[in-house]
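User: I am new to this structure and would like a close look at a single part. Could you take me through the salt bridge and what lies around its helix?

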Amino acid sequence: MRDLAIPSAQYGEDDIIAFVVPKSPGLESEDVLEYARQHLPKFMAPAQVRVADALPQTPTGKIQRAELRRTLADELGR
């Protein structure tokens, strides 16, 4: 799982958006949100979860967080 913080439209703090690549099929974003709400402090639980087949990576295998931010900005119209 990888997470990013984006400015909250509702509060002055950032919202956490988690990106999850499931190891087995059938995982839904609501499953992850429910688990996080039960096992994490409220401030650490993601506001949203995006389930993906893969995350963008550099040739050395690092997650391209800037690419994830661009994708989110496009989706949110920012």
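Analyst: The side chains of arginine 70 and glutamate 67 meet in a salt bridge, with 3.0 Å from N to O; the term stands for a side-chain nitrogen of Lys or Arg within 4 Å of a carboxyl oxygen of Asp or Glu. This is a predicted model, in which local features need pLDDT of at least 70 and side-chain atom pairs count only at pLDDT 80 or more, while totals for chains, interfaces and linings use all residues. Residues are numbered from 1 along each chain as its sequence is written, and side-chain values use heavy atoms, with hydrogens and water left out.

The structure holds one salt bridge. Where do its partners sit? Arginine 70 and glutamate 67 are three residues apart in helix α2 (residues 65-76), so about one helical turn separates them. Helices (H or I, at least four residues) and strands (E, at least two) are DSSP runs, numbered from the N terminus. As background, an α-helix has 3.6 residues a turn, so residues three or four places apart point the same way.

Are the two partners buried or exposed? Arginine 70 counts as partly exposed because its relative accessibility is 46%, and glutamate 67 counts as partly exposed at 30%. Here buried means under 20% relative accessible area, exposed over 50%, and partly exposed in between (1.4 Å probe, protein chains only).

The largest nonpolar core has six residues in all: Ile17, Phe19, Ala52, Leu55, Leu68 and Leu72. Such a core is a set of buried Ala, Val, Leu, Ile, Met, Phe, Trp, Tyr and Cys residues joined through side-chain atoms within 4.5 Å. Two or more of its residues come from each of β2 (14-20) and α2. Apart from this core lies another, of five residues, among them Val20, Val32, Leu33 and Val49. Alanine 52, from the largest core, is in contact (heavy atoms within 4.5 Å) with Val20, Val21 and Pro22, leaving aside its neighbours within four places in sequence.

Val32, Leu33 and Ala36 are buried in α1. Seen down the helix axis, the buried residues of α1 fall within an arc of 100°, so they line one face; the arc is that of the directions from the helix axis to the C-beta atoms. Their cover includes β2 and β3, whereas the face turned away from the buried side carries the exposed residues Glu30, Tyr35 and Gln38.
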